[in-house]
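Subject: Structure handover

Hello,

Here is the structure I promised to pass on. My notes on it follow below.

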Amino acid sequence: MKKCPKCGALMKADVNFCTNCGTDIRKVPVEKINTSNAKNNDNTGKTSSKAGQERTQAKGSLPSVNYWQWLVQSWKHPFGQQNGESWYGWVTLLVEDVLFIIGLYIGLGNLANQYIGGMNNQMMRFSGIPFGAALELLFFIILIEAAWIGAAYLAYIFIYSENKNFLAFINHVAQTANLDTIFMVFAFIFMMLGAGGMVFGLILSWISAIFFVMALHVVVLGDPNPVRDKMYGFLLMIVIQIVVAGIVGTIIFSTVLVQIMPLFSNF
């Protein structure tokens, strides 16, 4: 048998990853251990966190070594359980948001200079969105994203009665939605290419947003052994998300768009 060097759990000789904590034990030497002791230790390890292990085994254990490997494994196995660092998820989501805002800001500026700037001196006033408005839009996107994840987190706790670490939950959401990273990189590239590219970039951005919402639903509803009915948890999440979207959307229209609309006054 093999003994996990991280948690001490005993595994069979043909097991490559510890089913208790996900550690890579392919290089751990096989030892001859008394069968009765092995069974007792194994039973002790299983009873320590039965519900959590069942969910981990259901999703598969895919330990991570570094950030890039975490990304690659999440692209291959979006719903696999990984042991990534606590900052992997929120940094990934933040980078995606920043890429979108930078692409939108520069793309609209290039679009204005290409198609509007040469028409007349009055229209030269339009040069894309102001930098301050772009920063405000980034802040509101991060705010609504965090609120939606928070709503999903509350729904998860309601359904499974499991006090899961919030950063670990964000990692799970980001991992499930990590195809968004690919979408946003291509959206950023397209938005740098002018009018046609701007259209494709915005389409990819919408696809990314839809995929993120889908990932939230999968994370909340995908685990086995619910304590409460999943439908009520799902409704709780949807109600909170709609309320947050309405409030933040109203604020965006009353702040960011107020700065942008005067730019079109001479058209």
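Which residues do ring pairs link into a cluster? They are Tyr153, Tyr156, Tyr160, Phe166 and Phe169. Rings of Phe, Tyr and Trp (its six-membered ring) pair if their centres lie within 6.5 Å; planes under 30 degrees apart count as stacked, over 60 as edge-to-face and the rest as tilted.

First, the ground rules. This is a predicted model, in which local features need pLDDT of at least 70 and side-chain atom pairs count only at pLDDT 80 or more, while totals for chains, interfaces and linings use all residues. Residues are numbered from 1 along each chain as its sequence is written, and side-chain values use heavy atoms, with hydrogens and water left out.

**Overall fold**

The protein has nine helices and two strands. Helices (H or I, at least four residues) and strands (E, at least two) are DSSP runs, numbered from the N terminus. Along the sequence the pattern reads β-β-α-α-α-α-α-α-α-α-α. Of the 267 residues, 36% count as buried. Buried means under 20% relative accessible area, exposed over 50%, and partly exposed in between (1.4 Å probe, protein chains only).

**Aromatic pairs**

The count comes to 13 aromatic pairs. One of them joins Trp87 and Tyr88, edge-to-face, at 4.6 Å centre to centre with 90° between the planes. Trp87 is partly exposed at 36% relative accessible area. Tyr88 is buried, at 4%.

Tyr153 and Phe169 also form an edge-to-face pair: the ring centres are 5.4 Å apart and the planes lie at 65°. Tyr153 is buried, with a relative accessible area of 13%. Phe169 is buried too, at 0%.

The charged end of Arg228 sits over the ring of Phe158, 5.1 Å from its centre. The rule here: NZ of Lys or CZ of Arg within 6 Å of the ring centre and within 35 degrees of the ring normal.

**Helix α6**

Why is α6 described as largely enclosed by the rest of the structure? Because eight of its eleven residues are buried. They are Phe169, Ile170, Asn171, His172, Val173, Ala174, Gln175 and Thr176.

His172 lies in α6, which spans residues 166–176. His172 is buried, at 4% relative accessible area. The side chain of His172 makes a polar contact with the side chain of Lys164, at 3.3 Å. A polar contact is a pair of N or O atoms within 3.5 Å; within protein, one must be able to donate a hydrogen and the other to accept it, and residues adjacent in sequence count only if both atoms are side-chain atoms.

Asn165 caps the N-terminal end of α6. A side-chain oxygen of Asn165 lies 2.9 Å from the backbone nitrogen of Leu167. Leu167 itself is in α6. At 34% relative accessibility, Leu167 counts as partly exposed.

**Nonpolar surface patch**

Leu167 also belongs to a nonpolar patch on the surface, with about 970 Å² of accessible area together. Other members include Trp87, Trp90, Tyr105, Phe131 and Phe166. The elements giving two or more residues to the patch are α4 (88–115), α5 and α6. The largest share, six residues, comes from α4.

Patches are made of residues with over 30% relative accessible area and no salt bridge; like charges are joined within 9 Å, nonpolar side chains (Val, Leu, Ile, Met, Phe, Trp, Tyr) within 5 Å. A salt bridge is a side-chain nitrogen of Lys or Arg within 4 Å of a carboxyl oxygen of Asp or Glu. Accessible areas come from the Shrake-Rupley method with a 1.4 Å probe; for residues, only the protein chains shown count as cover.

**Two loop residues to look at**

Most residues other than glycine have a negative phi. Ser161 has a positive phi, near 50°. Ser161 sits in the loop between α5 and α6, and is partly exposed at 41%. Asn225 also has a positive phi, near 55°. Asn225 is in the loop between α8 (195–222) and α9 (230–260), and is partly exposed at 40%.

Ala152 lies in helix α5 and is buried, at 0% relative accessible area. Ala152 and Ile238 are 86 residues apart in sequence and 8.5 Å apart in space, C-alpha to C-alpha.

Best wishes
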